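Me: I'd like to go through this one by asking about it piece by piece. Could you take me through it?

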Amino acid sequence: MDFNDILKDFETTSRSRLRSDDTLRTEDLQALTQAWIQERTIPEVLPYEEDLLERILERMRKQIEFIELNSIELQKHEREIKLLLVIVESELDRVQFLIRSYVRTRLMKIDQFSVYIRSNEQELKKLSDNETVYMERHLDLLMELYNRQFLKNLPESLQALDEGGGLVNMVEKPDLHKPVFVKCGENGMVMIEGEEVELEKEGIYVMRYSAVKELVKMGSMIVL
Amino acid sequence: MSLPKQLRDTFTPKEISFLAEQEPIMILPRYSMHGTTLISAKLPNLRALHRESIPIWLALILKRQDKCNIVIPDWLQLSYLQQKYEDEIQNPNKFSKLPWHWITISKLLLDSAVDDFMDPVYEIRSLIQDLREVRLLKARRGLKELNEVYLQLDGLSLIEINEVRPFVLKVMNQLRKLKESSKIGEQEMYGDDTEIGGDTVMSQDVDDDYAGVQINDSVGINHGSNSAGRSGAGNSYLNDSHTRVQGDSMEDDDSDSDDDIYRKD
């Protein structure tokens, strides 16, 4: 192996590393987009994408630094850096929008199902630490409000907010049978009410979430 | 509330447009420019007159600053769209294959990159409108196949799916609940009043949702034997599905009832 080979070797490895960082960035954004779509369309709260968001937030911090650094030195480079700043800022806005909408959708579901989530170990695991704190505090405030405003005036037997017996359960749970739109990545089959439904690759279907939940989780199907 | 109500059932057209803007497109830079690292990818160094593939949102920024020309994708050429339009008419039971974001991307490009089109823009616009209307009609007709188990709609693009989404989801969910309650009803020898009440409420909603929908049917196609008045065609299909939902046994006068876009085995 002579010097040139080593050099070439070095070049290709560094280039492939660059390229892999590049694809990771692209994949991460796609993953975030898909996570957002899933939260919006699927009835239950999904596990919080902690690592993914951590990576993206870190990159966002770098971009903000870049913007701050360059807007100070704006006079020097003039034009080109201005355009670059516009590009960086617009992308930052786009990613921020995705994250914000993702988080808000989760909060909406957490508000809606908080009593159920709090009583269920597995559901609790899906929340981030911040979300758990938020849910507890929100629920405390709500309970206190209800108690002060009217519950204390009711007979004790009617004061519970999480009564499960009888015909109607007071605790709101996500309706897992709600239909969702999905696109299949491969041929397959699902059972719905004893009926076999054959799935074609690339086919677009509407069916209840409970039937396709596992396939979505495995990634052989994407929600739309 | 953390998420406004109108965002809960479906996406807004703007959000769909947002998704479409992430798709790549080919540009022809007019000047050279240094690249940079972005959150989602690396913006490569741009060299004048060397084609490069970048996301649409980025291409639109450069375009606005007159830094590049956008290479109009093949599927936005007149001949291609004409072919698709004929396909649509020849196969009344199938959607022809078009890109996932065809409506949205064509709108973005027709709004901001008119000068990059080779074909006359007004012809492309009207052809897209025609294509859209034919497909919309098919989608509406398919609605009467709605049932509680599943529905297949191959070939629809995302924004077209988004348009029918609130209606389809609501009807399917309600049909499911009706079926469940009728099972309980059989067991208990009496029907569940609240659920039947739910049905009428639902049909009310259906009317509300589509009250404002008018099909501007300028497309000259025949829908099988159904020669209902043009302007009312869309609504009569809707009424079909409407009555179906309510469980009336309406005469099926549409010869395309073995429609295989929305099939239920």
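Me: Thanks! Which residues are buried on one side and on the other of β1(A)?

Reply: Happy to start there, with a word on conventions: this is a predicted model, in which local features need pLDDT of at least 70 and side-chain atom pairs count only at pLDDT 80 or more, while totals for chains, interfaces and linings use all residues. Residues are numbered from 1 along each chain as its sequence is written, chains are lettered from A and ligands numbered from 1 in the order in which they are written, and side-chain values use heavy atoms, with hydrogens and water left out. Strand β1 of chain A covers residues 179–184, and six of its six residues are buried, so it is largely enclosed by the rest of the structure (buried means under 20% relative accessible area, exposed over 50%, partly exposed in between, with a 1.4 Å probe and protein chains only; strands are DSSP runs of E with at least two residues, helices runs of H or I with at least four, numbered from the N terminus). Both faces are covered, with A:P179, A:F181 and A:K183 on one side and, on the other, A:V180, A:V182 and A:C184.

Me: Which residue stands opposite A:V182 in β5(A)?

Reply: Strands count as paired if DSSP finds at least two bridges between them. β1(A) runs antiparallel to β4(A), with five bridges, and there A:P179 faces A:R208. β1(A) is also joined by three antiparallel bridges to strand β5 (residues 221–223) of chain A. In that pairing, the residue opposite A:V182 is A:V223.

Me: Which residue takes a positive phi in the hairpin of β2(A) and β3(A)?

Reply: Strand β2 (residues 188–192) and strand β3 (residues 195–199) of chain A are antiparallel and joined by five bridges. One of the bridge pairs is A:M189 with A:E198. Two residues lie between the strands, and the one with a positive phi, near 50°, is A:E193.

Me: Now the other chain. In which loop is B:L49 found?

Reply: Most residues other than glycine have a negative phi. B:L49 has a positive one, near 65°, and is exposed at 63% relative accessible area. B:L49 belongs to the loop of chain B between β3 and β4 (52–55).

Me: How many residues does each chain give to the contact between chain B and chain A?

Reply: Interface size is often given as the accessible area lost when the parts come together. Here chain B and chain A bury about 4,800 Å² between them, 63% of it on carbon and sulfur atoms (buried area is the accessible area, with a 1.4 Å probe, lost on being put together and summed over both parts). On the chain B side, B:S2, B:F18 and B:I39 lose the most area, together 16% of what that side buries. With contact meaning heavy atoms within 4.5 Å, the numbers are 53 residues from chain B and 52 residues from chain A.

Me: Which strand of chain A is joined to β6(B)?

Reply: The pairing is antiparallel and has three bridges. Within it, B:Q152 in β6(B) lies opposite A:Y205. The partner of β6(B) is strand β4 (residues 204–208) of chain A.

Me: How many salt bridges are there between chain B and chain A?

Reply: Side chains of opposite charge can pair when their charged atoms come close. The rule asks for a side-chain nitrogen of Lys or Arg within 4 Å of a carboxyl oxygen of Asp or Glu. One bridge between the chains joins B:E21 to A:R94, with the closest N and O atoms 2.6 Å apart. The count between chain B and chain A is three.

Me: And inside chain B, is B:K63 buried or exposed?

Reply: B:K63 forms a salt bridge with B:D115, at 3.2 Å between the closest N and O atoms. The two are 52 residues apart, B:K63 in helix α2 and B:D115 in the loop between α4 (102–112) and α5 (121–142) of chain B. B:D115 is exposed at 56% relative accessible area. At 7%, B:K63 is buried.

Me: One last thing: how many salt bridges are there over all chains?

Reply: In chain A, A:R118 and A:E136 meet at 3.1 Å, N to O. A:R118 lies in helix α4 (residues 79–118) and A:E136 in helix α6 (residues 129–149) of chain A, so the pair ties together parts 18 residues apart in sequence. A:E39, A:R106, A:K109 and A:E131 form a salt-bridge network. Over all chains, the count is 26.

Terms used
Buried area = accessible area lost by both parts, 1.4 Å probe.
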